[in-house]
Amino acid sequence: MIIEELLGKRCLIKETARFGNSGVNEVKVLEIAPSRNWVKLMNSYGNKYWKPTSEIQVIEVLIDLKTGKPLN
C-alpha cells in the first residue's frame, strides 16, 4: 500500500523497535514527510509522534462506522 493512501486514516500497525520489542497499535496517520521516510502518527491516547516508515508495518486500515447505519 502506498503511504499517501493512509493519510488521515485509522490503521492497525505493527511497530518494530530497535531493541526487539514490537506490538500492534491503533494509530491515525497525520502527516507524511516529503522524503516519505517518516510519518507522523497519533495513537488512541492522543499522543503524536514521528516514526520512520521502515519501522512500521500496516496490518489493516480501519473503517469508520456511522452509528445507526449498517455496513453493506
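Predicted model: local features only at pLDDT ≥ 70, side-chain atom pairs only at ≥ 80, totals over all residues.
As for the inside, 21% of the 72 residues count as buried.

The secondary structure is quick to list: there are five strands and zero helices. Read from the N terminus, the elements simply go β-β-β-β-β.

Now for the pairings themselves. Strand β2 covers residues 22-32 and strand β3 covers residues 38-43; the two run antiparallel and are joined by five bridges. Across this pairing, Lys28 sits opposite Met42 in β3. On to the next pair, where β3 and β4 are again antiparallel, over five bridges. Here Leu41 has Tyr49 in β4 standing opposite. These two strands make a hairpin with four residues between them, and the turn includes Gly46, whose phi is positive at about 90°. As a general point, side chains in a regular strand alternate between the two faces of the sheet.

What about charged pairs? The structure holds five salt bridges. One of them brings together the side chains of Arg10 and Glu26, at 2.9 Å from N to O. This pair ties together distant parts of the chain, since Arg10 belongs to strand β1 (residues 10-16) and Glu26 to strand β2, 16 residues apart. Neither end is fully covered or fully open: Arg10 is partly exposed, with a relative accessible area of 27%, and Glu26 is partly exposed too, at 34% relative accessibility. Another salt bridge is made by the side chains of Glu31 and Lys40, with an N to O distance of 3.7 Å. Glu31 has a relative accessible area of 38%, which means that Glu31 counts as partly exposed.

Lys51 deserves a paragraph of its own. Which strand holds Lys51? The residue lies in strand β4, which spans residues 48-52. Is Lys51 buried or exposed? Its relative accessibility is 13%, and because buried means under 20%, Lys51 counts as buried. Lys51 forms a salt bridge with Glu55, and the closest N and O atoms of this pair are 3.6 Å apart. Glu55 is buried as well, with a relative accessible area of 13%. The side chain of Lys51 also has a polar contact of 3.3 Å with the side chain of Glu15. Put together, Glu15, Lys51 and Glu55 are linked in a network of salt bridges. Leaving aside residues up to four places away in sequence, Lys51 touches Glu15, Thr16, Asn37, Trp38, Val39, Leu41 and Ile56.

What does Val24 touch, not counting residues up to four places away in sequence? The answer is Leu12, Ile13, Lys14 and Ile59. Of these, Ile59 is 35 residues from Val24 in sequence, while their C-alpha atoms are 8.5 Å apart in space.

Key: Residues numbered from 1 in each chain as written. Heavy atoms only, no water. Buried < 20%, exposed > 50% of the residue type's maximum accessible area, 1.4 Å probe, protein only. Polar contact = N/O pair within 3.5 Å; in protein donor to acceptor, adjacent residues only side chain to side chain. Contact = heavy atoms within 4.5 Å. Pairing = 2+ DSSP bridges. Salt bridge = Lys/Arg side-chain N within 4 Å of Asp/Glu carboxyl O.
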